[in-house]
Amino acid sequence: MLRFTLLFLLLVFFSYLASSSARPAPFAMRISCGARENVRTPPTYVRWYKDFGYTGGIPTNATLPSFITPPLKTLRYFPLSEGPENCYGINRVPKGHYTVRIFFGLIAQPDFDREPLFDVSVEGTLIHSLESGWTSNDEQTFVEALVFLLDGTVSICFHSTGHGDPAIISIEILQVDNEAYYFGPDWGKGVILKATSRLTCGTSKPRFDEDYSGDHWGGDRYWHPIRTFGQNADEPRSTENAIKQASNAPNFYPEALYQSAIVSTDSQPDLTYNMDVDPNKNYSIWLHFAEIDASISGAGQRVFDVLINGDTLFENIDVAERSGGRYTALVLNTTVPVSGRTLTITLHPKSGNHAIINAIEVFQIIAAESKTSPEEVKALQALKKALGLPTRFGWNGDPCVPEEHPWSGADCHFDKSGSKWFIDGLDLDNQGLNGFLPDDISKLHHLQNLNLSGNTIHGSIPSSLGTVNSLKFLDLSYNLLNGSIPESLGQLTELRILNLNGNSLSGRVPAALGGRLLNGASFNFTDNAGLCGIPGLRTCGPHLSAGAKVGIAFGASLLFLVLVICSVCYWKRRQNILRAQQMAARGAPYAKARTQFSHDIQMSRHHNHHHNNNGNNTRTAAENGPSLLS
């Protein structure tokens, strides 16, 4: 009994160790575009999050272009009036390697294009351009790419091309293994793999990894079915036997992927598959094999070469031998450049007269774009807000990439030494801007040209603008700017053209700017009634330093304060006097009575005193002095 108890405890212990060391579930974010609440969809009932707060655009009811599109009821579209670039900015995405998949939608309204065409970028890199006819091809109703996300966010943008409004049904961000689809030395964080085609051979059922009960770390890939490469040229094969070595790291392919295949025939020994691709690109090709044909019992019975666009890349492939036996998965990978528009994969038998293949994956290798300096992106966003930039400008995503879709009005320069883009020009004249110039404009350290003329920008010129030492051309003419010209503008030694005319500026033109006129610079200060100090403008009065102006202002404020205090004191004194007079007036009758009474007493006393002394101390009137009463 004790032996069985110990054995049970050991099993529990090892089970605990296995569960505690098991790999955690990968990060997954699925967004139902335009949805107002989270939803779940059959058959797997995965959760789709509402997209409130991620982006702009307009939500509406969706029309699904394909049966493989997630069964969601809403989409979000982006009219050109909201700008040519519109983006989903998603935060709190763990650092790692991800499959990003976007399904496109249709708007079932008469005024909308039945098949909008637009471009898609991820992290500033253009990965896809929708082409005419995409609604009739299941594999073109979405785009999928493998990308490294390293800063906790992901930016997915849709760029209008003038052929309808971009409409998006769903976005999926699914974590995969960090080593997934490693194809050689050029693979890495600077590379994006766009899925051009994924085929499951010998079947007519489209499948996702979830349908295959595949490992979640595989990224829930979509496999398009192909039962034959050509009429009467091949035959399908299938098995229910288990397949070994299928769901291995780092790609975690579903086992069921290898349970069907296409096999060539005697009438057409070669297996050939042709697909359309973009020219002048590099492609990573993954070929999947498993010997599931019952007519093959072991090694040496089926040997073939693999050719791509006529070049033999794999020789003498014996699936049973290379994989280690029947019903065992084998994956071959190669990278090829393609100059034309067709990619041809050929399996040529050398022994046994028949070739076999279970699945095919083709990825376009895309070099990830370098991004714009984050500090300058923040500066432009602050400028967008301060100037009240119209929504038609967009200004979403990255200002400089994709290179095919830079921000309107922004000129970019690539710094090879730092592998970053910088803003070297802004041309926003006559665009209806009515805000102010923020101090953040000084963070555009590489700015050479700034043209904001012909708007209604108000406020003062920020002194921080004088720290943009690269500035050569500055045009702020015909706005509503006021205040003085900052002395710091005189420090811009590279400045050659300065137009400040047509504003409400005042004060003395900085001496440093006036002196530069003698060195060939072109400055225009006219139509500013308050400016003075250089030829062509009025003569300035006594010039006070900033300290003197502060002193005068302080003295005037102090004098005003003293006057206020004196006025208050005088008013209080006057009120006291008036109050005393009022009290005296109310007491006058009683004061008169008291006075008469006092007078009577005084006369009585005087009379008595005179009577008492009349006999003994007789004096003359001259001796007694004048009488008190007349």
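1. A residue counts as exposed when its relative accessible area is over 50%. Asn430 has a relative accessible area of 54%, so it is exposed. Please keep in mind that this is a predicted model. Asn430 sits in the loop that links strand S27 (420-427) to strand S28 (449-451). Its phi is positive, about 55 degrees, although Asn430 is not a glycine.

2. With a relative accessible area of 78%, Arg92 is exposed.

3. On to the cis peptide bonds. One of them runs from Ala249 to Pro250, with omega near 5 degrees; Pro250 belongs to the loop between strand S16 (234-238) and strand S17 (260-264). Another joins Val401 to Pro402, where omega is near -5 degrees. You will find Pro402 in the loop between helix H3 (374-387) and strand S26 (410-415).

4. Is Asp305 buried or exposed? Its relative accessible area is 8%, so Asp305 is buried. The residue is part of strand S20 (residues 303-308). A polar atom of the Asp305 side chain lies 2.7 Å from the backbone nitrogen of Asn316.

5. Which residues surround Asp305, once neighbours within four places in sequence are left aside? Asp305 is in contact with Thr312, Phe314, Glu315 and Asn316, and also with Thr346, Leu347, His348 and Lys350. Asn316 in that list is the residue whose backbone nitrogen lies 2.7 Å from a polar side-chain atom of Asp305.

Methods
Residues numbered from 1 in each chain as written. Predicted model: local features only at pLDDT ≥ 70, side-chain atom pairs only at ≥ 80, totals over all residues. Heavy atoms only, no water. Helix = DSSP H or I, 4+ residues; strand = E, 2+ residues; numbered from the N terminus. Buried < 20%, exposed > 50% of the residue type's maximum accessible area, 1.4 Å probe, protein only. Polar contact = N/O pair within 3.5 Å; in protein donor to acceptor, adjacent residues only side chain to side chain. Contact = heavy atoms within 4.5 Å.
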